[in-house]
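Me: I am new to this structure and would like to learn how to read it. Could we go through its features one at a time?

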Amino acid sequence: MTTPPPILYPRLLLTGAAGGLGRVLRPRLKPHCQTLRVSDIAELGAAAVGEEVMPAPLQDALAVDKLLEGVDGVVHLGGVSVERPFDEILPVNIVGIYNLYEAARKHGTRRIVFASSNHVTGFYKQSETVTPTMPVRPDGYYGLSKAFGENIARFYFDRYGIETVCLRIGSSYPEPKDRRMLATWLSYDDLERLVVASLSSPVVGFSVIYGMSDNPVVWWDNASAKHVGYQPQDSSAKFKNAAEAKQLKLDLSDPAVIYQGGGFVKNSPI
Ligand code: 15L
């Protein structure tokens, strides 16, 4: 018989719970808290046992303030998750994350796990190895907004002591969709391991970690983030042949092939 995991948080908030990764994490986070509060602007369905369903637009400061009432920890996935024009990104990813940190400060929330993105450093080349301490090189307005999110997290730790683990998530899907994702892939099980490690490590301060599985192609060096105890157990290796077969010829002058951000680097928002 396996022992159930310890309950970590009396009340944990999951934003973006109706999104792709939100739907994956929603049932997997429940064992780690007494009450899981789920939020989104999209349909969330009925509350399961031990859940509270609280829809809230992130740009609405009052709604976000109510959302954080009685919350001990947050997994913040909410917001725009792809490259879009700046006026779509601004209210949710920038004003929204300010609202979240302000509400967390007022309500004494102790830790936030923030879904940042590899697109914060998407303009590094695929031939480079990037560490979480290197300067950011966002590859678009989406990446810029995630860099802002990391900065606000840093500021709220330095000034108010709210801990944050920023997860620069690679490509979290059932399997890598293309050659690039052989390096950036994060399996759903490893995503769960990463988020749970970030929630359960006794002290995280302000940390930045790349979210990837134990892949054979490595663009990111996570050595500085080992303290949270994340140990990936999956690898993209078994998908290599299938992924490479989809792209037999690579145009080496294509920015999507040169830079880590792939297609995001040339995705004009206009
Ligand atoms: C992201 O940040 C996006 O949210 C996701 O849709 C993927 O495109 C991923 O990055 C990626 O880089 O593959």
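Me: Which residues of H1 meet residues of H6?

Reply: Contact means heavy atoms within 4.5 Å. In H1, Leu-21, Val-24, Leu-25, Arg-28 and Leu-29 meet Tyr-188, Asp-189, Leu-191, Glu-192, Val-195 and Leu-199 of H6. By class, this contact has 8 nonpolar, no polar and 3 charged residues. Ala, Val, Leu, Ile, Met, Phe, Trp, Tyr, Cys and Pro count as nonpolar, Asp, Glu, Lys and Arg as charged, and the others, Gly among them, as polar. The model is predicted: local features need pLDDT of at least 70, side-chain atom pairs count only at pLDDT 80 or more, and totals for chains, interfaces and linings use all residues. Residues are numbered from 1 along each chain as its sequence is written, and side-chain values use heavy atoms, with hydrogens and water left out.

Me: At what angle do H1 and H6 pack?

Reply: Two packed helices are described by the angle between their axes and the distance between the axes. Axes are lines fitted to C-alpha atoms, for helices over the stretch in contact, and angles run from 0 to 180 degrees between N-to-C directions. Helices (H or I, at least four residues) are DSSP runs, numbered from the N terminus. H1 (residues 20-29) and H6 (residues 188-200) pack at about 60°, with axes 10 Å apart. That makes H1 oblique to H6; angles under 35 degrees count as roughly parallel, over 145 as roughly antiparallel, 65 to 115 as roughly perpendicular and the rest as oblique.

Me: How are H3 and H4 placed relative to each other?

Reply: H3 (residues 86-107) and H4 (residues 141-160) pack at an angle of about 15°, their axes 10 Å apart. They are therefore roughly parallel to each other. The residues of their contact divide into 13 nonpolar, 3 polar and 3 charged.

Me: Which residues are around the ligand?

Reply: A residue is near a molecule if one of its heavy atoms lies within 4 Å of it. Around the ligand are residues including Ser-81, Asn-118, His-119, Ser-171, Arg-180 and Phe-264. A polar contact is a pair of N or O atoms within 3.5 Å. A polar backbone atom of Ser-81 is 2.5 Å from an oxygen atom of the ligand. For a polar side-chain atom of Asn-118, the distance to a ligand oxygen atom is 3.0 Å.

Me: Where is Lys-66?

Reply: Lys-66 is in helix H2 (residues 61-67). Not counting residues up to four places away in sequence, Lys-66 touches Arg-37 and Met-54.

Note on methods: Helix = DSSP H or I, 4+ residues; strand = E, 2+ residues; numbered from the N terminus. Polar contact = N/O pair within 3.5 Å; in protein donor to acceptor, adjacent residues only side chain to side chain.
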